[in-house]
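Open the model in a viewer and keep the selection panel at hand. The stops below run from one ligand to the other, then into the protein.

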Amino acid sequence: MPRNSLCKSTSSFILLLTYFFFFFIFSLSSVMVNGESQSFARTLSPESMRFKQEKITHLHFYFHDIVSGRNPTAVRVAEAPITNKSATFFGAVVVMDDPLTETPELTSKAVGRAQGIYSATSQSELSFLLAFNFVFSEGKYNGSTLSVLGREPVGPKVRELPVIGGSGIFRFARGYALVKTQALDLKTGDAVLEYDVFVIHY
Ligand SMILES: *[C@@H]1O[C@H](CO)[C@@H](O)[C@H](O)[C@H]1NC(C)=O
Ligand SMILES: *[C@@H]1O[C@H](CO)[C@@H](O)[C@H](O)[C@H]1NC(C)=O
């Protein structure tokens, strides 16, 4: 073989080697991007987890926010120096463990609790940031939760809150809650709210 041609075949061999090297690196990196080579995560079909058909559940109950008396279910835990002078209670933070019942009477059948916090977050109207979980205690819903995060101004007749998740029977839940004031004691601040919750889940 003439020297020139040897040189040529060697360089094309190196070129080929370089090509395969980059091809290998490229395919390796795409595998890593797809996550297939990672041990902490894997892709599953919903069916393999027995999540088959999504459905909508409508829940209807009454929410008792009791702030007065010997046994309040909602207590103010923090406030700003201006909170009590503010017409909108701006800066107040309240922790609640409010009972949920089947009918507007507190003595009616309990279906769960609303546990979480709300705070007055508007300086121009009475409006709250709500972050809480519904914890249900009835029948097949016992122990299951729905998580609510939203804004509730008290002005409108119907307020809407996003439901951003759930647990137990409500895994993968998402939806919304419509809230109406059933009763409000202006002297004590105690309120009964009617909730209609619509959630999509498996
Ligand atoms: C503000 O009002 C609340 C509720 O009436 C009361 O518990 C709290 O002590 C007051 N805070 C101040 C700083 O006056
Ligand atoms: C709900 O579940 C808890 C704990 O598993 C149990 O103690 C309770 O009796 C149940 N409540 C109802 C109403 O089934």
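A residue is near a molecule when one of its heavy atoms lies within 4 Å of it. With that cut-off, select ligand 2: Ser137, Glu138 and Asn142 surround it. Keep in mind throughout that this is a predicted model.

**Ligand 2**

Show the side chain of Asn142. One of its N or O atoms is 2.3 Å from an oxygen atom of ligand 2. How much of ligand 2 does the protein bury? On its own the ligand exposes 360 Å², and the protein buries 24% of that.

**Ligand 1**

Move to ligand 1 and display Arg76, Glu79 and Asn84, the residues that surround it. Two of these side chains are worth a distance label. In Glu79, a polar side-chain atom lies 2.8 Å from a nitrogen atom of the ligand. In Asn84, an N or O atom of the side chain is 2.6 Å from an oxygen atom of ligand 1. Of the 360 Å² of accessible area that ligand 1 has on its own, the protein covers 29%.

**The largest nonpolar core**

Next, hide the ligands and turn to the interior. Nonpolar side chains tend to be buried together in soluble globular proteins. The largest nonpolar core here has 28 residues. Which of its residues touch the most other members? Select Phe61, Phe63, Phe132, Phe134, Leu146, Tyr195 and Val197.

Colour the strands to see where the core residues come from. At least two are supplied by each of E1 (55-65), E3 (93-101), E4 (110-120), E5 (127-136), E6 (145-153), E7 (158-167), E8 (174-184) and E9 (191-201). The largest share is that of E5, with 5 residues.

Centre the view on Phe134. Beyond residues up to four places away in sequence, Phe134 touches Phe61, Phe63, Leu100, Arg113, Ala114, Ser144, Thr145, Leu146, Val148, Tyr195 and Val197.

**Thr101**

For the last stop, select Thr101, which belongs to strand E3. Is Thr101 buried or exposed? Its relative accessibility is 1%, so Thr101 counts as buried, the limit for that class being under 20%.

Show the side chains of His64 and Ser108 as well. The side chains of Thr101 and His64 are joined by a polar contact of 2.7 Å, and another polar contact, of 3.5 Å, joins the side chains of Thr101 and Ser108.

Technical notes
Residues numbered from 1 in each chain as written. Chains lettered and ligands numbered in written order. Predicted model: local features only at pLDDT ≥ 70, side-chain atom pairs only at ≥ 80, totals over all residues. Heavy atoms only, no water. Polar contact = N/O pair within 3.5 Å; in protein donor to acceptor, adjacent residues only side chain to side chain. Areas by Shrake-Rupley, 256 points an atom, 1.4 Å probe, with all protein chains shown as cover. Core = buried A, V, L, I, M, F, W, Y, C linked by side-chain atoms within 4.5 Å. Buried < 20%, exposed > 50% of the residue type's maximum accessible area, 1.4 Å probe, protein only. Helix = DSSP H or I, 4+ residues; strand = E, 2+ residues; numbered from the N terminus. Contact = heavy atoms within 4.5 Å.
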